[in-house]
Amino acid sequence: MYALKFNEKVCATCPSADCLLKCQYMTFEKEEAHEEMMKIVRGEDSRVLHECMTCYACEEYCRRGNHPYYLIGERREERGIYTAPRPITNQWINMTAMQGKYMVGDIKEKAISCCFLPQLAEMATGEIFKDVASSVVFGAEFMCPAVHTHFAKMSVVKERLPVVIENLTKLGIKELICLHDECYGTFTSIAPAYGMEVPFKLTYYMDFLLERMKELKGKIVPLNITVAYQRPCSNRLIPDKHHLVREILDLIGVSMPDRRYQDENSLCCAELFRPIGGYRIADDVQRRNLDDMVATGAEYCLFNCPACQDVLSEKVAKRGLQPVHIIDLCRTAIGEKEREV
Ligand code: SF4
Ligand code: SF4
């Protein structure tokens, strides 16, 4: 079984303890934050193991690359401190089990991964994806298992991720374009944190999208709209890619007004907070997030993760914001898709 590579000395000498100090769902004094993290490092009980909402953000807050979120999950599982009721945890494990019901297209050396999200296959079409759309994989066999970290089931991640990597490798894929942040984050953050080798090149879809939109620049008609961006939890695993959203929006004439809950202060879509922390905290986080979006005067709520979009679309629409995925916005900018109103 793979083990998390965690350097205790890095935490022991940490001058900031930003992982917990910046946490938006627990408050600490600076010394307390460091001491709680050290308790977790030493394998002792800590309030964090009982109160963490699994938003992934401490993976971004730790600038020393020491993977506090994965360690919290490991320690929870070791102690049997599971985050959600057992039927919900098991439901997720069963729902995402490999059952041979996957979909594989005409695989070339370069392929796109739709994870386990059929909406992505519908979006990844047209001019932008014309050279790669048919070379597609979808299904549990190719799905990143990071969702199980929300339930402190790190053992499921360690068991399934090597199989997913092997399944993709067997297809002869040399470059995988990940359409879901969670996949790219899993392959580039979780896999190396556990010493798993990924033998193919990984491309983040927003890098691909930016390059394609530059190539299609002549077709772009600036949209002249404003958006509030819903940053997904899995983007916290790949914070060096966050800047791409603004670069793509700049290219298609979309502005993103400043708001309180963006960039490092982004709030999670919070739907998985329901089984983990209860309805009250989930509703409170979603209300604060939506109030903040509305206050910017944005016309659209911009999504990156289809799961966030599923959860929040109706809610943002009721508050007067049109939900849209960044791929669809790009397709609208080149005249391929009608503008949603
Ligand atoms: S996880 Fe990172 S930020 Fe937190 S104490 Fe350790 S080194 Fe510091
Ligand atoms: S995952 Fe989120 S809620 Fe949990 S400790 Fe890290 S920042 Fe806080």
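Two residues are in contact if their C-beta atoms, placed from the backbone, lie within 7 Å. The model is predicted, so local features need pLDDT of at least 70 and side-chain atom pairs count only at pLDDT 80 or more, whereas totals for chains, interfaces and linings use all residues. Residues are numbered from 1 along each chain as its sequence is written, and chains are lettered from A and ligands numbered from 1 in the order in which they are written.

Q: How do you know that the protein chain is as compact as a globular protein of its length?
A: The protein chain has 16 helices and nine strands (DSSP runs numbered from the N terminus, H or I of at least four residues for helices and E of at least two for strands). Its radius of gyration is 20 Å, close to the 20 Å from the globule rule for 341 residues, and therefore it is as compact as a globular protein of that length. The radius is taken over C-alpha atoms, and the rule is 2.2 Å times the number of residues to the power 0.38. Along the principal axes, the C-alpha trace spans about 60 × 50 × 40 Å. Among contacts with a separation of 6 or more, 74% join residues 24 or more positions apart.

Q: Why does Ala 17 count as buried?
A: A residue is buried with 20 or more other C-beta atoms within 10 Å of its own, exposed with 12 or fewer, and partly exposed in between, the C-beta atoms being placed from the backbone. Ala 17 has 23 C-beta neighbours inside 10 Å, and therefore counts as buried. Ala 17 lies in the loop between α1 and α2, and its phi is near 50 degrees, a positive value in a residue other than glycine. Across the protein chain, 46% of the 341 residues count as buried.

Q: Why is Ala 270 called buried?
A: Because 25 other C-beta atoms lie within 10 Å, Ala 270 is buried. Ala 270 lies in the loop between β7 (254-255) and α13 (273-277), with a positive phi near 75 degrees.

Q: What makes Asp 328 partly exposed?
A: Asp 328 has 19 other C-beta atoms within 10 Å, so it is partly exposed. Its place is in helix α16 (residues 326-333). Leaving aside residues up to four places away in sequence, Asp 328 touches Met 123 and Lys 337.

Q: What makes β1 and β5 edge strands?
A: Five strands form an open sheet of mixed pairing, in the order β1-β3-β2-β4-β5; two strands pair if DSSP finds at least two bridges between them. β1 (103-104) and β5 (201-204) each pair on one side only. Within this sheet, β2 (residues 110-113) and β4 (residues 175-178) pair in the parallel sense over four bridges, and Ala 111 has Leu 176 in β4 as its bridge partner. Helix α10 (residues 181-193) lies across β2, β4 and β5, running at about 140 degrees to β5; axes are lines fitted to C-alpha atoms, for helices over the stretch in contact, with angles from 0 to 180 degrees between N-to-C directions.

Q: Which residue classes make up the shell around ligand 1?
A: Eight residues are nonpolar, two polar and two charged. Ala, Val, Leu, Ile, Met, Phe, Trp, Tyr, Cys and Pro count as nonpolar, Asp, Glu, Lys and Arg as charged, and the others, Gly among them, as polar. The shell includes Ala 17, Asp 18, Arg 64 and Asn 66, where a residue is near a molecule if its C-beta atom, placed from the backbone, lies within 6 Å of it.
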